[in-house]
Amino acid sequence: MVLVDGSRSMGPYTRPPLQLRVAVTAVSPYTETFTFSTELRRVTHDARRAAAGERSPLRLRYAWGGGTTIGVCLDEFLRRSGERVLGRQTVVIIASDGLDVGGTDLLR
């Protein structure tokens, strides 16, 4: 499970987390990937295509470059996909600088 922060503050640091999600997807067909900023987007299919060697640009425009509401996005992830993708053996990687413009109560 890889969640990549696509906020504007992560701009200079985007390449390593995106490479990580492609690398993890290449070795594990069960990897799910998401990007988030002010909203959560599942981008698993894009990561799988990149892992298979497709040279097309990763489509991140829909969750890239805005502010970040990490708590809201993680809450949405848990409600929408948590039961389906999280289990006892699931490893979750969150690549983020931690800057959240949303309420901190939900993030806690």
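The buried residues of helix α1 are Pro17, Leu18, Arg21, Val22 and Thr25 (buried: under 20% relative accessible area with a 1.4 Å probe, protein chains only; exposed: over 50%; partly exposed: in between). They lie on the same side of α1, because they cover an arc of only 140 degrees around the axis. The arc is taken from the directions from the helix axis to the C-beta atoms. The model is predicted: local features need pLDDT of at least 70, side-chain atom pairs count only at pLDDT 80 or more, and totals for chains, interfaces and linings use all residues. Residues are numbered from 1 along each chain as its sequence is written, and side-chain values use heavy atoms, without hydrogens and water.

Helices (H or I, at least four residues) and strands (E, at least two) are DSSP runs, numbered from the N terminus. Helix α1 has 13 residues (15–27) and should span 18 Å at 1.5 Å a residue, the expected span being 1.5 Å times one less than the number of residues. Its end C-alpha atoms are 19 Å apart, which agrees. Exposed Arg15, Pro16, Ala26 and Val27 sit on the face turned away from the buried side of α1. The buried residues of α1 pack against β1 (2–5), β2 (33–36), α2 (44–51) and β4 (93–95), with contact meaning heavy atoms within 4.5 Å.

Strand β1 is covered on both faces. Val2 and Val4 are buried on one side, Leu3 and Asp5 on the other. In a regular strand the side chains alternate between the two faces of the sheet. β1 runs parallel to β2, joined by four bridges; pairing requires at least two DSSP bridges. Val2 has Thr33 as its bridge partner in β2. The β-α-β crossover from β1 through α1 to β2 is right-handed: with the strands pointing away from the viewer, the path from the first strand over the helix to the second runs clockwise. β1 also pairs with β4, in the parallel sense, over three bridges. Here Val4 is partnered by Ala95 of β4.
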